[in-house]
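Trainee: I would like to learn how to read the features of a model like this one. Can we go through it step by step?
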Amino acid sequence: MTGDVAIARPGRSWLAGLARWETLLVVAIVGLVVLGTTLSPHFLTAGNFSNLIAALMEVAIMAMAMTLIIVAGEIDLSVESMAGLASSLIGFLWAAGVPLGLAIPIVLLVGALGGLLNGLLVARGGLPSLVVTLGTLALFRGLALIVLGPRGVSNFPPEFTELGFGHVPGTLIPWPFVIFLGLAVVLGIVLHRTWIGRQIYAIGRNTGAARFSGVRVMRLRTSLFVLSGLVAALAGIILTSRLSSARADAGAGMTLTVVTVVLLGGVNIFGGSGSIPGVALAVIAVAVMQNALRLASVTVEVQSIALGLLLILSVVIPNFAHQAKSAIDRVRGGRPPPAGSVRRGESPAG
Amino acid sequence: MAESGVAVGTVRARPGSQWLAVVARQRELSLLAIMIVLGALVTLTAPQFLTVSNLSQVAVLASVIAVAAVGEALVVITRNVDLSVEATMGLVAYCVASLLERHTLDSTGAIAFGLGLGLVLGMINGVVVTVFRVPAIVATLGTLSIFRGIDYLVAGSHQVPLASLPDGFTDPARDSILGIPVFVVIVVVIVVVGSAALRLTRFGRQLYAVGSNPEAAAILGIPSRLVVFIAFSLCGLLAGVAGVLYIMEFGTINGTSATGLVLAVVAAVVVGGVNIFGGSGTLVGAALGALFLGFIANALILVGLSQFWLQAIYGLVILLAVSADAIILRRIQRATAARRVR
């Protein structure tokens, strides 16, 4: 069961609300671009955009899978550690002489297995995803440290570093962006155009009802966590390639940014609503914001304050908008507002 | 623990599943038993484990986590979570150390300031969760980043060395009263006062009521939001205490102090038998959970395993503890359901 504190009413108004949220994001992006341009003449150049996008692609890729997880009413806090474990493993395997053609599939497999562990504990064990993935957040990071220790591996071949660092020939489009776009299109189609997507929304809105309607809740939930683990491992590989260095602490702190991007993209933390295009827009908004802050010579520390505020505001603003809307509806004598006055305490898995 | 959970409470009257009830109710005892067995095993390979100096060192190190874990337990009992404790600890530790270094305040004043700062940070969490109605996980993930950002901002690259602290400030970490380390006495006092308050006061009962069934609590007229707000505030205050103890323990403080400790704090709470679904658990359990983790960390070093294993073991411990909780709870429910049918 998920609380329906902020779930917009289904139907036309829901779509309208979503459209408004995405419009808001576009306006924010345009505003930030204008701001950035006044800050520096280099802001509105293709080279700068290429850089600002490339730096956020690992987060963006993980956010795509996280969108599905949160829409289904769960959360996966372990993604940053899985990225670290992937980085650590690929460094370890490469240093041990395993060719990358073999090492990459192994790492992706480990990612899927890690996701399977999360999925089984959440779906079969009936445990809250918040705690399970907090546990694996520590576990995967610990394994990364055990595998590689404090050393770094950096003598990767140029073909590998090209993956994270290079551009599509003749353009300034970074390769990771292509991967992100591909993932966004595939997962967007799955979520918005297939029965799988409808089942994901169904689980997120009302797990019990979904189960009675014949949705195989356990299997779908498990698969989502497997996907999340797999995608996090992919992000870890890309990160390793972009930095040309494998380290056990790779990706530390990324979960915060991933969750921020997803919620900023209009996905409801209680599950049941949200869209891939919204999250993709949020990725761009955050990338532009970080770049504008950097050009305004705002330090990384202050940026982390801004990100934390953004995370909280991306829940507060829709909440207030929804409350205001319910109030207006009540005045107009429309349908009564949803009974959302009693808080669900914590996780979307509540 | 009579008021500590619906499931455990109902089992008490039904003798059939007595042993399960005992296991569920006596998490504290089973933790102690595991520690004794583990201790015996470690002593076989590393005899220096079972010395007074080593054991008191373990207890002192665990005290910092234990104080924060007691605060976290209050929040978890209300079916919420506070991921920002480590940032609160870090920010309080740096501010207090910095005030002492600049001689702005004397030791007492600086400590009072630190506790006040912790309380305010906890209240901020409480407001975001109860007034702005942001789910605790999102709210405290956000404030984790904000408080840590402020910490970096205030500290910059500066580091307060041990030598800049007033003479004797870090003594409590090494002193003892009647052979018991001061830190342990502090933890015991906090746990005893806190447990008594939970058991004897109306607030204590409301805390468990809100956690075990928020809707029912609201219908009963319990001011749920106020109770949750107070839980977060107290958690901040105790994180402030932990931050001050952290300075005394480690001496040298910078903007990254206490990074990553939230996992240890949550692990301590979960291992200590505080149910993550809210509504049950004790402060003694949370403190013992912290001691248990400290115990494992110490055993690792003595057995010669690298510190790198620690993080992975914390993770495993969290997973094992929640799984055990869920299995016990399910068995109890099945047993009571079966009996009800008969």
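Trainee: Is B:Leu178 buried or exposed?

Mentor: A residue is buried if 20 or more other C-beta atoms lie within 10 Å of its own, exposed if 12 or fewer, and partly exposed in between, with C-beta atoms placed from the backbone. B:Leu178 has 5 other C-beta atoms within 10 Å, so this residue is exposed. This is a predicted model, in which local features need pLDDT of at least 70, side-chain atom pairs count only at pLDDT 80 or more, and totals for chains, interfaces and linings use all residues. Residues are numbered from 1 along each chain as its sequence is written, and chains are lettered from A and ligands numbered from 1 in the order in which they are written.

Trainee: Where does B:Leu178 lie?

Mentor: Helices (H or I, at least four residues) and strands (E, at least two) are DSSP runs, numbered from the N terminus. B:Leu178 is in the loop between strand 2 (176-177) and strand 3 (180-181) of chain B.

Trainee: What is the phi of B:Leu178?

Mentor: Most residues other than glycine have a negative phi. B:Leu178 has a positive one, near 50 degrees. B:Arg133 also has a positive phi, near 55 degrees, and is found in the loop between helix 6 (107-130) and helix 7 (136-155) of chain B. B:Arg133 is buried, because 20 other C-beta atoms lie within 10 Å.

Trainee: Where is the kink in helix 4 of chain B centred?

Mentor: The bend at a residue is the angle between axes fitted to the seven residues ending there and the seven starting there. In helix 4 (residues 52-77) of chain B, the kink is about 35 degrees and is centred on B:Ser63. Of the 26 residues of this helix, 19 are buried, so helix 4 of chain B is largely enclosed by the rest of the structure.

Trainee: How many helices and strands are there in chain A?

Mentor: Chain A has 14 helices and zero strands. Buried residues make up 53% of its 350 residues.

Trainee: Which residues does A:Leu191 touch, not counting residues up to four places away in sequence?

Mentor: Two residues are in contact if their C-beta atoms, placed from the backbone, lie within 7 Å. On that basis A:Leu191 touches A:Leu68, A:Gly197, A:Ile200 and A:Ile276, with residues up to four places away in sequence not counted. A:Leu191 lies in helix 8 (residues 175-193) of chain A and counts as buried, with 20 C-beta neighbours inside 10 Å. In chain A, residues 24 or more positions apart account for 80% of the contacts with a separation of 6 or more.

Trainee: At what angle do helix 12 and helix 13 of chain A pack?

Mentor: Axes are lines fitted to C-alpha atoms, for helices over the stretch in contact, and angles run from 0 to 180 degrees between N-to-C directions. Helix 12 (residues 254-264) and helix 13 (residues 276-295) of chain A pack at about 120 degrees, with their axes 7 Å apart. That makes helix 12 of chain A oblique to helix 13 of chain A; angles under 35 degrees count as roughly parallel, over 145 as roughly antiparallel, 65 to 115 as roughly perpendicular and the rest as oblique.

Trainee: Which residues of the two helices meet?

Mentor: A:Val261, A:Val262 and A:Leu264 in helix 12 of chain A meet A:Val279, A:Ala282, A:Val283, A:Ala285 and A:Val286 in helix 13 of chain A. By class, this contact has eight nonpolar, no polar and no charged residues. Ala, Val, Leu, Ile, Met, Phe, Trp, Tyr, Cys and Pro count as nonpolar, Asp, Glu, Lys and Arg as charged, and the others, Gly among them, as polar.

Trainee: How many residues does the contact take from chain B and from chain A?

Mentor: The contact takes 45 residues from chain B and 43 residues from chain A. On the side of chain B that touches chain A, the largest share, 14 residues, comes from helix 7 of chain B. The residues of that side divide into 31 nonpolar, 10 polar and four charged.

Trainee: Where do the axes of helix 14 of chain A and helix 7 of chain B stand to each other?

Mentor: The axes of helix 14 (residues 300-332) of chain A and helix 7 of chain B come within 7 Å and cross at roughly 160 degrees. The two helices are therefore roughly antiparallel to each other.
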